[in-house]
Amino acid sequence: MNVLLILGHPRTDSFCGALATAYREGAREAGVEVRELAVADLEFDPDVHTECPSDQPLEDDLLEAQREIEWADHLVFVYPNWWGTMPARLKGFFDRVFVPGFAFSFYDEGEGAGREELLDDKTAELIVTMDMPAWVYRWIFRQPGNNAVKRATLGFAGVRTTRVTNLGSVEDSTPERREEWLEGTRGLGRSLASGPESQLSRTKRTATAWLKALRLQFYPMAWVAYTIGALAATGSSDVFAGGAYWLGLGFLAFLEAATVLSNEYVDYETDRRNTFAGPFTGGSRVLVDDELSFGELRTGIAALLSAAAAFGGATVLIGRGSPAAMAGIMGALAVLALGYTIPPLKLVYRTLGELDVAVTHSVGVLLCGFVFLGGAWHDPLPWLLGLPFLLSVLPSITLAGVPDAAADRLADKETVAVRFGIGGAATVAAATALLAALTGALWQALDVVPGYSPLIYLGIAHALGLVWLLRRRLEPRTGPQRIDGLMMASLSYIAWFGVVPLVGLL
């Protein structure tokens, strides 16, 4: 491993300088190659005078610094925390060295634009001294300087920070305490023998990546629909005491997880091009950000499908419905769910993805709950309960294609927003929201299904509010954009057709 140790203190004879020396000693004991760079010794103008930093010629010392950074696998920054962040000279070093063409680059391909991280093969760690207790800086001040370096600077260039060590208060420290810090820093250098991060840190990072990939925020919708179906079949909350309910729920959860990962796998190209990704759109980006590999995702999909098959088989064995009906419904749901992106169906590439998601997450899972707990698939009750639920899902899944439209078009993915434009997507979202509200109100007025109450009429107000927001935000000529507020409004709209009947049936 090649390690570049960068001292960011404007005085090399400072305590930061002693910490850098201690780290170097420990790293060399670990058998890694270490080079050192003191920002204080470099001759350069820290100010950017041109419109773009890359237009300003680099001094010889900065050119050498870039070569050293390219050589390194792991960067170690040792500097003091002044006024909540780094010294001015270190900031000038970042401004002049981490320029477009070296640290990152922008690309523009047709309607898609994005940023390429040019230093994404490197890791880094920060060792920061301060004149306040480290816990105060972290928990009270929320470590603004660390976040600026870790996320806004190194992270922007693709460098992953594996460890941050805050040391303080230095001013009030005793010689014994400083010696402890020096020995601890020497130990940080020695730890490079097993890599730039600890086993615990690697495990935590991997677990976090998998949780991010699974996108658990979308699972409650399917759970609600499934439980409505189960309650409708039994007419009793005793449904939770039976194994059939929980095994069926396990089947759905594992199938949902496998579907989410398969979407991540197939949609890599459009996710890579997407510049408007947010918490509800653009995928989890674990592949785009190299947090997980394609091989790991394939393994995860296979494991989840195996678990879904096992739970599905157990459900057929102990479920209360017809074994043939249960197996048939599970098979059809699996084909539709996975067929959202996976060939040969690739429904989302044929402008059928939105309808597919709406069907599987409403009528599909609701019918599972109904049949698993003893109902008949041809009974009109689950279909009637699922219809307004289906219509209420369509606005959010249709609007989810708006931020992704340009990237989807480049990847030949024909969502509603791609085929009919942003204005067309807004029209579909508005129409289906109103239809869901009117259908729910009609079911309540005519007492068509159990579980509904007058509360469902409030869904009409929510639908009208959503239509008003759509008219304000998404005009026919509007282009792709982040629409987090609209997504929250449309996702919360589903609750009227899930929570109201769920509570009514309990």
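The legends below describe close-up views of a predicted model.

Residues are numbered from 1 along each chain as its sequence is written, and side-chain values use heavy atoms, without hydrogens and water. In this predicted model, local features need pLDDT of at least 70 and side-chain atom pairs count only at pLDDT 80 or more, while totals for chains, interfaces and linings use all residues.

View 1. The strands (DSSP runs of at least two residues, numbered from the N terminus) follow the order E2-E1-E3-E6-E7. E2 and strand E7 (160-167) stand at the edges with a single partner strand each, so one side of each has no neighbour in the sheet. Neighbouring strands are turned by 15 degrees against each other on average, direction ignored; the axes are lines fitted to C-alpha atoms, and angles between N-to-C directions run from 0 to 180 degrees.

**View 2. The pairing of strands E3 and E6.** Strand E3 (residues 74-80) runs parallel to strand E6 (residues 123-129), and 7 bridges join the two. Two strands count as paired if DSSP finds at least two bridges between them. Phe 77 has Leu 126 in E6 as its bridge partner.

**View 3. The salt bridge between Glu 36 and Arg 24.** The closest N and O atoms of this pair are 2.9 Å apart; a salt bridge is a side-chain nitrogen of Lys or Arg within 4 Å of a carboxyl oxygen of Asp or Glu. Glu 36 belongs to strand E2 (residues 33-38) and Arg 24 to helix H1 (residues 15-29), 12 residues apart; a helix is a DSSP run of H or I with at least four residues. Glu 36 is partly exposed, at 41% relative accessible area (buried is under 20%, exposed over 50%, partly exposed in between, with a 1.4 Å probe and protein chains only).

**View 4. The salt bridge between Asp 95 and Lys 91.** The closest N and O atoms lie 2.8 Å apart. Both residues are in helix H3 (residues 88-97), 4 residues apart, which means a separation of about one helical turn. Asp 95 is partly exposed at 29% relative accessibility, and Lys 91 is partly exposed at 39%.

**View 5. The salt bridge between Arg 419 and Glu 414.** The N to O distance is 2.4 Å. Arg 419 is partly exposed, with a relative accessible area of 45%, and Glu 414 is partly exposed, with 29%.

**View 6. A network of salt bridges.** Glu 25, Glu 29, Glu 183, Arg 186 and Arg 190 are linked in this network. The structure holds 21 salt bridges.
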